[in-house]
Amino acid sequence: GLVPPRSGAWVAMRPRVGTGPAALWAQSDEDETAEKAEDEEKEAAAEESVVEESGEVAEEDTEDIDVEAEDPNQELKDEIAAMEQQVRDAKDKLAQAVEKIAESGQPGYLRLAAQMENSKRQMADRKKDEQGYAQLSVFRSFAGVLDALDAATEQIPAETDNEQKLHDSYQALRADMVNTFTKQGLEEFHASPGERYEPTLHTKVEEVEVEENAAVGTVIDGVFPGLRTKTGTVRQAKVRVGIAIASEEATNEDEGAAAEDGGESDGAAAVSEE
């Protein structure tokens, strides 16, 4: 009997010219040869694919190795840099702590206490000056009132009982004002003969010729007392001041100048009358 061909040859075979046993065996051999060729092509394609994949993996490994070979100690260097920065930060903190300890110690405490004391004293002095200048301004505004009361007493004669009562009321008001201001730091002062004339303390009401040069520019006598506080002068004291004796030549020149001025004035008056 006939042996059936391998690999399903019965299915694959088609009717051919010649149907004898020899023709069937020839057809079977051809199919087997074709299958082997096809298997070999598949194996070659698979081998090529494996080789290509192996080449790509090798290239990737080579690239990784090259990247790592650029700086193999970079990670270690980064760690060292971070540690050095930590050391610097620790030194800065230590220096600040030492400074705080020094300040909190006895020398630092004494220095801080002295600074606070100086600040308090400066603030107190500044506040005192501000209050003093404000008070001085108020006193100066009332100085005119006191002068008016004094002038009223001197200029209005007390000839009748009513006028005397008015004078007494003026003096009582002035006394109350002075008493109140005195409690607030106002004081009356008198210019003494022989002291140097000072425009901030004295008001010159008259000049007196003196023979001694040492008396020139000094107070001869006081006319009216002044008022002042610790901050400044509220009202200058009225005084007479000594001046040098004028020479005869200067006196004659002054008299001549006065006469000329008088003549010119008379001429101008005559012209105006005409």
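These legends walk through close-up views of ring contacts in a predicted model.

Some ground rules: residues are numbered from 1 along each chain as its sequence is written, and side-chain values use heavy atoms, leaving out hydrogens and water. Because the model is predicted, local features need pLDDT of at least 70 and side-chain atom pairs count only at pLDDT 80 or more, while totals for chains, interfaces and linings use all residues.

View 1. Rings of Phe, Tyr and Trp (its six-membered ring) pair if their centres lie within 6.5 Å; planes under 30 degrees apart are stacked, over 60 edge-to-face, and the rest tilted. That rule gives two aromatic pairs. Here, Phe139 and Phe181 make a tilted one, with 5.1 Å centre to centre and 55° between the planes. Phe139 belongs to helix α4 (residues 106–155) and Phe181 to helix α5 (residues 161–183), 42 residues apart. Helices (H or I, at least four residues) are DSSP runs, numbered from the N terminus.

**View 2. Phe142 meets Phe181.** These ring centres sit 5.4 Å apart with planes at 55°, so this pair is tilted. Phe142 is in helix α4 and Phe181 in helix α5, so the pair ties together parts 39 residues apart in sequence.

**View 3. The cluster of Phe139, Phe142 and Phe181, joined by ring pairs.** Buried means under 20% relative accessible area, exposed over 50%, and partly exposed in between (1.4 Å probe, protein chains only). Phe139 and Phe181 are both buried, but Phe142, at 35%, counts as partly exposed.

**View 4. Lys204 over Tyr197.** A charge sits over a ring if NZ of Lys or CZ of Arg is within 6 Å of the ring centre and within 35 degrees of the ring normal. Lys204 lies 5.7 Å from the ring centre of Tyr197, over its face.

Notes
Helix = DSSP H or I, 4+ residues; strand = E, 2+ residues; numbered from the N terminus.
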